[in-house]
Amino acid sequence: MGILSWIVMGLIVGVLAKFIMPGKDPGGFIVTTLIGIAGAFVGGYIGSFLGLGAVTGLNLGSLLLAIGGAIILLILYRVIKR
């Protein structure tokens with residue numbers, strides 16, 4: 001995927017992950033996008049490891065894996081913050 005598509009996907013995934021898990025997290029446009037991009041990497045790695053596929057583009061399977069990865073990152077952030 002190109003850089004622009006990673007940024008767009010990161011923004012979409014970050015917003016959806018924060019919508020699913022509202023709370024006091026670092027906010028802002030850039031941080032939300034970075035959480036989404038990092039979530040796509042984490043979700044793609046875990047998905048590949050479990051045989052579920054990888055993040056390959058802007059499709060439903062990739063979005064679900066990326067959202068799952070972003071939610072995992074938000075959970076880890078909240079656990080470490082405590």
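The expected span of a helix is 1.5 Å times one less than its number of residues, and helices (H or I, at least four residues) and strands (E, at least two) are DSSP runs numbered from the N terminus. Please keep in mind that this is a predicted model, in which local features need pLDDT of at least 70, side-chain atom pairs count only at pLDDT 80 or more, and totals for chains, interfaces and linings use all residues. Residues are numbered from 1 along each chain as its sequence is written, and side-chain values use heavy atoms, with hydrogens and water left out.

**View 1. Helix H3 from end to end.**
H3 covers residues 60-81. At 1.5 Å a residue, its 22 residues should span 32 Å, and the end C-alpha atoms lie 31 Å apart, so the two values agree.

Ser62 sits in helix H3. Is Ser62 buried or exposed? Ser62 has a relative accessible area of 1%, so this residue counts as buried. With neighbours within four places in sequence left aside, Ser62 touches Met9, Ala54, Val55, Thr56 and Gly57.

H2 spans residues 29-50. Its 22 residues reach 31 Å from the first C-alpha to the last, close to the expected 32 Å. Buried here are Thr32, Thr33, Ile35, Gly36, Ile37, Gly39, Ala40, Gly43, Gly44 and Gly47. They pack against helix H1 (3-20) and H3.

Gly43 belongs to helix H2. Its relative accessibility is 5%, which means that Gly43 counts as buried.

**View 2. A nonpolar patch on the surface.**
Tyr45, Ile46, Phe49, Leu50, Leu52, Ile72, Leu76 and Ile80 make up this patch, with about 920 Å² of accessible area together. Patches consist of residues with over 30% relative accessible area and no salt bridge; like charges are joined within 9 Å, and nonpolar side chains (Val, Leu, Ile, Met, Phe, Trp, Tyr) within 5 Å. A salt bridge is a side-chain nitrogen of Lys or Arg within 4 Å of a carboxyl oxygen of Asp or Glu. Areas come from the Shrake-Rupley method with a 1.4 Å probe, and for residues only the protein chains shown count as cover. H2 and H3 each supply at least two residues, and H2 gives the most, with four. One member, Leu50, is found in H2 and counts as exposed at 55% relative accessibility.

**View 3. Stepping back to the chain.**
The chain has three helices and zero strands. Along the principal axes, its C-alpha trace spans about 35 × 25 × 15 Å. Of its 82 residues, 35% count as buried. The chain exposes about 5100 Å², with carbon and sulfur atoms supplying 78% of it.

How values were computed:
Buried means under 20% relative accessible area, exposed over 50%, partly exposed in between (1.4 Å probe, protein chains only). Contact means heavy atoms within 4.5 Å.
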